Amino acid sequence: MPHRIHLGGPWEYFWRTFDEGNSPQGVGTKTIEEYPQRGRANMEATWEQLFEDQPGEAVFRRAFHWPTPAEPPHEVWLLFEGIGGQGTVQLNDVILGNFDGANEQRRFLVTDQLILRNQITVRMTCEPGHRTSHGGGLFGPVILEIRDDE
């Protein structure tokens, strides 16, 4: 049976709306310092809970240490059990993959990317037409799952 570590929080977030001259063009090109609004939140949280119904772009970050039973022959997976919007998932500045709102769940094998201190970064945009039936944001658990490789 896999060992599961829930990465509930706190997560840092950085956010900007698409109004006042901002637009979805150039998404993902801003540095953290260019986001006018920031805060901390425990996940699971929908886009609507954090930012109301305003379209925009957000960056979510969460640090964690090396998971303790993750010595070989184990595999470590990063699971997003509820993610809505469009964007990318990174671990330690390496892009793991994209999501587009069509699939509410994503999983990534991260065994080889883990270091002593790790950081997950999720960059996303969320507009009313790109939300899932559950809304947008990180509305489901984010989990590290450690599995026996044998």
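The legends below describe close-up views of salt bridges and paired strands in a predicted model.

Residues are numbered from 1 along each chain as its sequence is written, and side-chain values use heavy atoms, with hydrogens and water left out. Because the model is predicted, local features need pLDDT of at least 70 and side-chain atom pairs count only at pLDDT 80 or more, while totals for chains, interfaces and linings use all residues.

**View A. Glu 81 and Arg 4 form a salt bridge.** Side chains of opposite charge can pair when their charged atoms come close. A salt bridge here is a side-chain nitrogen of Lys or Arg within 4 Å of a carboxyl oxygen of Asp or Glu. The structure holds 5 salt bridges. In the one between Glu 81 and Arg 4, the N to O distance is 2.8 Å. Glu 81 lies in the loop between β6 (74–80) and β7 (86–91) and Arg 4 in strand β1 (residues 3–6), so the pair ties together parts that are 77 residues apart in sequence. Strands (E, at least two residues) and helices (H or I, at least four) are DSSP runs, numbered from the N terminus. Glu 81 is partly exposed at 32% relative accessibility, and Arg 4 is partly exposed at 34%. The classes are buried (under 20% relative accessible area), exposed (over 50%) and partly exposed (in between), with a 1.4 Å probe and protein chains only.

**View B. Glu 12 meets Arg 61 in a salt bridge.** The closest N and O atoms of Glu 12 and Arg 61 are 3.0 Å apart. Glu 12 sits in strand β2 (residues 11–17) and Arg 61 in strand β5 (residues 56–65), so this pair links parts 49 residues apart in sequence. Glu 12 is partly exposed, at 25% relative accessibility.

**View C. Arg 16 and Glu 57 form a salt bridge.** The N to O distance between their side chains is 2.8 Å. Arg 16 belongs to strand β2 and Glu 57 to strand β5, so the pair ties together parts 41 residues apart in sequence. Arg 16 is buried, with a relative accessible area of 3%, and Glu 57 is buried at 0% relative accessibility.

**View E. Strand β12 pairs with β1 and with β6.** Two strands pair if DSSP finds at least two bridges between them. β1 and β12 are antiparallel, with 4 bridges, and His 6 has Ile 143 of β12 as its bridge partner. β6 and β12 also run antiparallel, joined by 7 bridges; Leu 79 has Ile 143 as its bridge partner in β12. In β12 (residues 142–148), 5 of the 7 residues are buried, so the strand is largely enclosed by the rest of the structure.
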